[in-house]
There are 2 protein chains.
Amino acid sequence: MNRKRKLSHKINYIAYVASSIDGRIAKSNQSGTDWTSKEDWNFFQKSISKFDAVVVGHNTYKVAENWLKKRRTIVFTSRYSFLKSIDSVTFLNPAHVNFLNFIHEANFKKIAILGGPKVYTFFLENKMLDELFVTIEPYIFINGVPMFSGDRFHKYRFILQSVKKLNKRSTILLHYKNGN
Amino acid sequence: MNRKRKLSHKINYIAYVASSIDGRIAKSNQSGTDWTSKEDWNFFQKSISKFDAVVVGHNTYKVAENWLKKRRTIVFTSRYSFLKSIDSVTFLNPAHVNFLNFIHEANFKKIAILGGPKVYTFFLENKMLDELFVTIEPYIFINGVPMFSGDRFHKYRFILQSVKKLNKRSTILLHYKNGN
């Protein structure tokens with residue numbers, strides 16, 4: 001009974017994405033987001049401080065390791081079959097470890113999802129994406145890592161909450177709620 | 001001298017894109033844009049009426065043939081080595097036919113670029129993209145045709161002119177000028 005109550009607490013999943021106009025989030029899986037604006041970074045840093053934990057994929061972790069090590073970070077990876085924690089960073093393979101159980105045991109209530117594409121897609125496909133903040137920086141990359149990636153086409157509906165100009169250099173911030 | 005003057009007239013190239021939040025413009029090369037809003041279609045129809053001609057790729061032409069046949073349409077295709085016109089539709093391979101010469105001979109001054117990704121990319125890479133209208137419909141597709149596509153990563157800079165909510169169902173319209 002206690003267990004049941006524990007598992008039913010509401011968890012809020014919010015994804016943060018910085019994208020080019022054409023929906024690319026990086027040059028390659030190994031490259032960072034040095035092309036984003038100072039204003040987006042400030043918005044992102046301020047937002048992240050309110051979360052219990054952040055979730056990233058292994059590539060994103062490698063790119064931002066120093067920053068993520070200082071936070072309560074969950075890294076999705078296929079390298080380990082079981083859960084492995086080093087200080088504040090927990091590595092787990094969601095195909096082998098029950099992510100929801102882990103989150104509930106840890107009593108996390110507010111989770112920020114920071115990418116890459118496979119991680120964003122995991123949460124969306126598993127109905128664990130409540131809100132989405134997309135910063136659109138004023139570039140077209142033509143090539144690079146897409147925002148989401150998976151084998152199948154879907155039509156997930158979102159509901160726009162706000163549009164905001166983050167600076168005078170053409171950066172905008174879109175805030176959506178999941179409409180599915 | 002006459003020829004020179006003729007070739008120097010200013011041509012305006014404006015691209016129109018309807019995209020998901022994650023930068024996808026269609027499920028596949030053979031599918032249309034039946035997922036876009038009525039308000040986007042109205043905006044697009046009204047805009048297009050002011051152009052001398054529209055440019056599309058062969059896939060886009062096949063998807064919207066009935067609509068495009070009624071317009072002055074240029075179809076980029078690798079099927080023909082030489083220029084081929086059928087009524088108001090001209091097929092040409094820009095690798096073999098000098099597109100700029102053709103546009104100048106026809107005295108076109110305002111050209112709308114309607115995609116797909118290879119066509120958008122052709123104009124951007126050849127410095128023939130002055131403005132960009134991107135309608136973002138409130139969906140995430142995860143998979144599908146990307147807005148631009150090419151072998152190499154670039155960082156083309158754009159300058160935001162306006163952001164507009166097209167309806168109350170979360171559709172927004174971004175207008176950019178080329179900043180390169």
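In the predicted model, B:Ile14 has B:Ala112 of β7(B) as its bridge partner. This pair belongs to the parallel arrangement of strand β1 (residues 12–19) and strand β7 (residues 110–113) of chain B, which are joined by 4 bridges. Strand β1(B) is also joined to strand β8 (residues 131–136) of chain B, again in the parallel sense, through 6 bridges, and within this second pairing B:Tyr16 stands opposite B:Phe133 of β8(B). The strand that takes part in both pairings, β1(B), is mostly covered, with 7 of its 8 residues buried.

When residues up to four places away in sequence are not counted, A:Val75 touches A:Val56, A:His58 and A:Tyr61, together with A:Val89, A:Thr90 and A:Phe91. The C-alpha atom of A:Val75 is separated by 8.5 Å from that of A:Val54, a residue 21 residues apart from A:Val75 along the chain.

Between the chains, 35 residues of chain B are in contact with 35 residues of chain A. On the side of chain B that touches chain A, at least two residues each are supplied by α6 (117–125), β9 (139–140), β11 (156–165) and β12 (172–178) of chain B, and of these elements β11(B) gives the most, with 6 residues. Sorted by class, this side of chain B consists of 20 nonpolar, 8 polar and 7 charged residues. Strand pairing also extends across the two chains, in that strand β9 (residues 139–140) of chain A and β11(B) pair in the antiparallel sense over 2 bridges, and A:Tyr139 stands opposite B:Arg157 of β11(B).

With regard to the relation between the copies, chain B is superposed on chain A by a rotation of 180° with 0.0 Å of shift along its axis, at an RMSD of 0.0 Å. The two copies are therefore related as by a two-fold rotation axis. In chain B, the C-alpha nearest this axis is that of B:Gly23, which lies 2.0 Å from it. The same surface serves both copies, since 100% of the contact residues of chain B recur in chain A.

Note on methods:
Residues are numbered from 1 along each chain as its sequence is written. Chains are lettered from A and ligands numbered from 1 in the order in which they are written. This is a predicted model: local features need pLDDT of at least 70, side-chain atom pairs count only at pLDDT 80 or more; totals for chains, interfaces and linings use all residues. Two residues are in contact if their C-beta atoms, placed from the backbone, lie within 7 Å. Ala, Val, Leu, Ile, Met, Phe, Trp, Tyr, Cys and Pro count as nonpolar, Asp, Glu, Lys and Arg as charged, and the others, Gly among them, as polar. Two strands pair if DSSP finds at least two bridges between them. Copies are superposed by least squares on the C-alpha atoms of residues with pLDDT of at least 70 in both. A residue is buried if 20 or more other C-beta atoms lie within 10 Å of its own, exposed if 12 or fewer, and partly exposed in between; C-beta atoms are placed from the backbone.
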